[in-house]
Amino acid sequence: MKYALIGCGRVSGSHIGAALQNGLEIAALCDIDPIAASAKAKQFDLPDTVKIYTDHREMLRAERPELAAIATYSGTHADLAVDCINAGCHVIIEKPVALSLRDADRIIAAEKAAGVKVCANHQNRFNEAVQQMRGAMRDGRFGKLLYGTTSIRWARGDDYYGSADWRGTWAQDGGALMNQCIHAIDLLRWMMGGEITEVTGFTDNQLHPCIEAEDFGIALLKFANGSYGMIDGTVNMFGGDYEETLTVFGSAGLAKIGGTSVNKICDWRFADGAESESRAKTLIEENPPNVYGFGHTSLYADMLEAIRDDRRPYVTSEAGRRALETVLAIYLSAKEGRAVKLPLGDCSTLDFAEK
């Protein structure tokens, strides 16, 4: 299958690696900085037949890829995705799928009209430990769901934010919750039943006056099934990335996934006694080299299967919209100092920029 990547920055290597491991024919790399695209081609020893473009529309016309991945900065995702969709291309969109619900809805509408597949790149759903928890959830082993928590405690310094002028801006990025924490927020919402009825949140910029958005956020969620959720996320950890955890508590069991990117089982206790906690912990031994994890390869494999079998991807565009909506609801609650009811109307990161 003919493939193209749009955006050759920080996360692009995970996409190129996943494309190669899944046997895709990489036809083109596109970036407004041709030096960045050429450097990625050289890093992965791609053949000379891989073309370098600075204009994605030109690339779509010339190469006609069947599958494109978008790994540019967040504020560009929606327009790029719609252009790819309208060119008849299946699309993988890095998180977040957009920065406004209106733009997320534009992507979903274009996807339906064109009859292509669109996947939101929430690759941590494919982590082995996450899949183990999802299986226990699917089998009803937790009993009645009581509440779930996620903690994202990472570190991003001024050098990170200074590496690109879009980072930490309301127009093109958002803050820690939208950029670093949205994967875990997606997992929490997905694992706890998906439908949120109410959100109360607080955000702050504690250590990064160089950015517009938040570097810290906490939130309480109320789910339609009667369970609750708690989120705390920060990029202010002393000493580097500390942990990303997801914990689910039910009437008949509890499980905690931890590590730097929800990659290992920390606690595993169930009333059915199907396996011991020590045994469950030894089943999962993923040790990714960075917070991106190994999930891109599995996400790409699922997307290719979805295209071949004409089914929805495991992580749909609607799933990407739900994660986006959760973050925007936290922002809105923090700004207005009140609990926010879901579903939201139209909302955008631009709504939180200083006027």
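The model is predicted, so local features need pLDDT of at least 70 and side-chain atom pairs count only at pLDDT 80 or more, while totals for chains, interfaces and linings use all residues. Residues are numbered from 1 along each chain as its sequence is written, and side-chain values use heavy atoms, with hydrogens and water left out.

**The cores**

Met-133 is also one of the residues that touch the most other members of the largest nonpolar core, which has 105 residues. Tyr-3, Leu-29, Phe-142, Tyr-300, Leu-328 and Leu-344 share that description. Helix α12 (residues 317-336) gives the most to this core, with nine residues. Apart from it lies another core, of five residues, including Tyr-160, Tyr-161, Ile-211 and Val-235. A nonpolar core here is a set of buried Ala, Val, Leu, Ile, Met, Phe, Trp, Tyr and Cys residues joined through side-chain atoms within 4.5 Å. Buried means under 20% relative accessible area, exposed over 50%, and partly exposed in between, with a 1.4 Å probe and protein chains only. In soluble globular proteins, nonpolar side chains tend to be buried together.

**The sheet and its helices**

Helices (H or I, at least four residues) and strands (E, at least two) are DSSP runs, numbered from the N terminus. An open sheet of six strands runs in the order β3-β2-β1-β4-β5-β6, with parallel pairing; two strands pair if DSSP finds at least two bridges between them. At the edges are β3 and β6, each of which pairs on one side only. On average, neighbouring strands of this sheet are turned by 20° against each other, direction ignored. Strand β2 (residues 25-30) pairs with β3 in the parallel sense over three bridges, and Cys-30 has Tyr-53 in β3 as its bridge partner.

| Helix | Strands touched | Angle of directions |
|---|---|---|
| α1 (residues 12-21) | β1, β2, β4, β5 and β6 | about 175° with β1 |
| α4 | β1, β4, β5 and β6 | about 170° with β5 |

Helix α4 (residues 77-86) is largely enclosed by the rest of the structure, because seven of its ten residues are buried. These buried residues are His-77, Ala-78, Leu-80, Ala-81, Val-82, Cys-84 and Ile-85. They pack against β1 (2-6), α3 (56-63), β4 (67-70), β5, α5 and β6 (118-121). After α4 comes Gly-88, with a positive phi near 85°.

**Backbone details**

Where do the cis peptide bonds fall? One runs from Lys-95 to Pro-96, with omega near -20°, and Pro-96 lies in the loop between β5 (90-94) and α5 (101-114). Another runs from Leu-342 to Pro-343, with omega near 5°; Pro-343 sits in the segment after β14 (340-341).

Asp-45 is not a glycine, although its phi is positive, about 55°. This residue lies in the loop between α2 (34-43) and β3 (51-53) and counts as exposed at 67% relative accessibility. Asp-310 also has a positive phi, near 55°. Asp-310 is found in the loop between α11 (295-309) and α12, and counts as exposed at 59% relative accessibility.

How values were computed:
Contact = heavy atoms within 4.5 Å. Axes fitted to C-alpha atoms, helices over the stretch in contact; angles between N-to-C directions.
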